[in-house]
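Hi everyone, thanks for having me. Let me put a structure up on the screen, and then we can walk through it together.

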Amino acid sequence: MSALAVVMMLGAYFPYLTYTIPAFAGLCIMVVLLELGAKWAISAYITSAVLTLLFCEPEAMLMYVFLFGYYPILKAFIEKINKPFLEWPVKMLFFNAVVILVYSFIAQLFGVDFSNDFSLGKYTVYIVLAVGNAVFVVYDITVSKMATFYFYIIKPKLRKFFK
């Protein structure tokens with residue numbers, strides 16, 4: 001699954017897939033989590049993250065390494081709280097902190113001023129972050145639905161196939 005995640009990450013070199021590919025690659029780690037548990041999922045994440053650092057497009061690589069790669073594992077731990085009114089603020093705080101850190105790092109490393117890059121002027125960062133938050137909520141819900149789909153639909157078919 002680590003290798004599959006890395007191969008998927010190579011697709012981020014195609015335009016407009018910078019965020020989509022890391023999000024899908026994180027689902028590979030989710031499968032390891034569901035099948036083998038957190039320790040193996042963390043090992044798979046570390047393996048794929050190291051290989052991603054070596055071979056993949058920089059922005060997508062940062063999003064995978066610092067957010068999407070291990071988010072399914074973190075999500076499982078956060079959801080053990082079992083109180084959505086506490087889980088969602090933790091998830092959103094985590095997402096915003098990671099995105100701000102990653103883009104601050106990119107800005108420092110490459111000298112990019114994100115507030116002047118688009119036609120929205122000084123509000124660009126806030127608008128992009130707000131849209132990112134909405135998309136992250138959809139992603140979180142999708143990860144849950146994909147885990148359910150895998151567990152109840154794909155896994156039984158795989159068991160029949162490999163018998």
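Let's begin with a question: is Cys28 buried or exposed? Cys28 is buried, because its relative accessible area is 5%, and buried here means under 20%. Before we go further, please keep in mind that this is a predicted model.

Next, let's look at how the helices pack. Take α2, residues 20–36, and α3, residues 38–55. The angle between α2 and α3 is about 155 degrees, and their axes are 7 Å apart. Angles over 145 degrees count as roughly antiparallel, so that is what we call α2 and α3. The crossing of α2 past α3 is right-handed. Which residues make the contact? From α2 we have Ile29, Val32, Leu33 and Leu36, and from α3 we have Ala38, Trp40, Ala41, Ala44, Tyr45 and Ser48. Sorted by class, that contact has 9 nonpolar residues, 1 polar and no charged ones.

On to the next pair. Helix α3 also packs with α4, residues 58–68, at about 160 degrees, with the axes 10 Å apart. These two are therefore roughly antiparallel as well. This time, α3 passes α4 in a left-handed crossing. On the α3 side you can find Tyr45, Ser48, Ala49, Thr52 and Leu53, and they meet Met61, Tyr64, Val65 and Phe66 of α4. This contact has 7 nonpolar and 2 polar residues, and again no charged ones. Notice Tyr45 and Ser48: they take part in the contact with α2 and also in the contact with α4.

Last stop: where is Leu17? Leu17 sits in the loop between α1 and α2. Leu17 is partly exposed, at 28% relative accessible area. Leaving out residues up to four places away in sequence, Leu17 touches Gly11, Ala12 and Pro22. The C-alpha atom of Leu17 is 23 Å from that of Phe94, which lies 77 residues away along the chain.

Notes:
Residues numbered from 1 in each chain as written. Predicted model: local features only at pLDDT ≥ 70, side-chain atom pairs only at ≥ 80, totals over all residues. Heavy atoms only, no water. Axes fitted to C-alpha atoms, helices over the stretch in contact; angles between N-to-C directions. Helix = DSSP H or I, 4+ residues; strand = E, 2+ residues; numbered from the N terminus. Parallel < 35°, antiparallel > 145°, perpendicular 65-115°, else oblique. Left-handed = near helix turned anticlockwise from the far one by under 90°. Contact = heavy atoms within 4.5 Å. Nonpolar A, V, L, I, M, F, W, Y, C, P; charged D, E, K, R; others polar. Buried < 20%, exposed > 50% of the residue type's maximum accessible area, 1.4 Å probe, protein only.
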